[in-house]
Amino acid sequence: MSDLFKLYTWSVSLYSGKARAYLIKQGIRFDDISPADPSFKNTIEPALGRWIIPVMATPDGEIVQDGTDIIDWFESRDMAKTPAYPKSPRHLISSLIMEMFGGEGLLRPAMHYRWNFDEDNLDFILQQFGLFAMPHLPPEERRDMALHAAGRMRGAATAFGVTPELAPHIEAAYLETMAELDAHFSEQPYLLGGAPTIGDYGLFASLFAHLGRDPHPLRLMQQKAPMLFRWTERMRNPSSDMVEFIGRDESLLPKDDIPDTLKTLLRRVASDYLPEIEAMIAFQNDYLKTAEISEGDIIGGKATTRQIGFCNFVWRDQKVTAMVMPYRVFLLQRIQGAYDALTESERESVDALLGETGLASIISTRSTRRVDRKNNREIWGPLTS
Ligand SMILES: N[C@@H](CCC(=O)N[C@@H](CS)C(=O)NCC(=O)O)C(=O)O
């Protein structure tokens, strides 16, 4: 039996990047395997009840789906070289917030910049989708099938709120966000100093496979945010890759310090993602009032369901409609759980930071029922109020 971990991924997959970057940074020996490999259909899919990546298979045959769960598998076994979860309170909470923002809050620009720039992107995307999904077919046969899959994913973009009316706003917001990320990574190698933490891995989801790899947004990043681009290289390098930060070591910033450039990014989460979080929780709490649910039920009734409905909210004076995905509540609860576990004085210092950055309600906006994960899927947990 191989002693290597297997990671079922492909490079075009947003969430795969998060898990892969973690394994690379921790020096864990693994093989990237395509889900087109027969073992995926024969072993992984039946175990999960759905087609989804990334999936990790451990040398003992354990199967773990989900970027965060893959990271936590190693963290809970003390196998991390540089732990993903900072020990000090403000570092921990801001890193968890950026995890959620990177994987979920940046999905609108990630989908927009992949699917709405066909002239620059489409040939490359179809070639890549065909290559990874159907490596056994001759290249000329792959394109038609990839086109079919692409049609499905364009549809999914709309469900995330990517519409023609919103496109100029998504672009304006992304340009601002990119500039803020560029300013941060001009001063810090990673979000919190000299080593990556969970927030870096979360951000890497959107900022690599789509925004840092598809031709149109990649060029935009190289032209407008070269230090952000450097960070996307750094996150794929087993070394700390901080050549431009002479004299820096691999430790996090001292004294639980949050640099101003990170405060700016937290304000960005408040302006660009908090309205959606609040609308999502309001929708879910309403849904929970009438839905017939028992603790332990698979959310949506089957493993393949990702959303329970649509919520509306206002962002940049625009009305946005977007899917409500309980997985996001799971990520939100991680922030809230970490906060609840702090001492009173630690909470005070976190409260000051969240107050200053407009994020106070990220702690108070709570679901009336927990979203938990069991057997690699989201389930309804106990009532919380
Ligand atoms: N919460 C999951 C999300 C994984 C996910 O959405 N993966 C996409 C590819 S990037 C997928 O497999 N989608 C297939 C589908 O939804 O049918 C994670 O973080 O691993």
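In helix H1, the buried residues are Leu14, Tyr15, Ser16, Gly17, Lys18, Ala19, Arg20, Ala21, Tyr22, Leu23 and Lys25. Buried means that 20 or more other C-beta atoms, placed from the backbone, lie within 10 Å of a residue's own. Helices are DSSP runs of H or I with at least four residues, and strands are runs of E with at least two, both numbered from the N terminus.

Please note that this is a predicted model, in which local features need pLDDT of at least 70 and side-chain atom pairs count only at pLDDT 80 or more, while totals for chains, interfaces and linings use all residues. Residues are numbered from 1 along each chain as its sequence is written.

H1 is mostly covered, with eleven of its twelve residues buried. Just after H1, glycine 27 adopts a positive phi of about 65°.

I turn now to the sheet. Four strands form an open sheet in the order E2-E1-E3-E4, with mixed pairing; strands pair if DSSP finds at least two bridges between them. Its edge strands, each pairing on one side only, are E2 (30-33) and E4 (63-65). Strand E3 (residues 55-57) pairs with E4 in the antiparallel sense over three bridges, and methionine 56 has valine 64 of E4 as its bridge partner.

Finally, the ligand. Around the ligand lie Ser13, Leu14, Tyr15, Trp51, Ile52, Ile53, Pro54, Asp66, Gly67 and Tyr327, the criterion being a C-beta atom, placed from the backbone, within 6 Å of the molecule. Of the residues named here, Leu14 and Tyr15 are also among the buried residues of H1.
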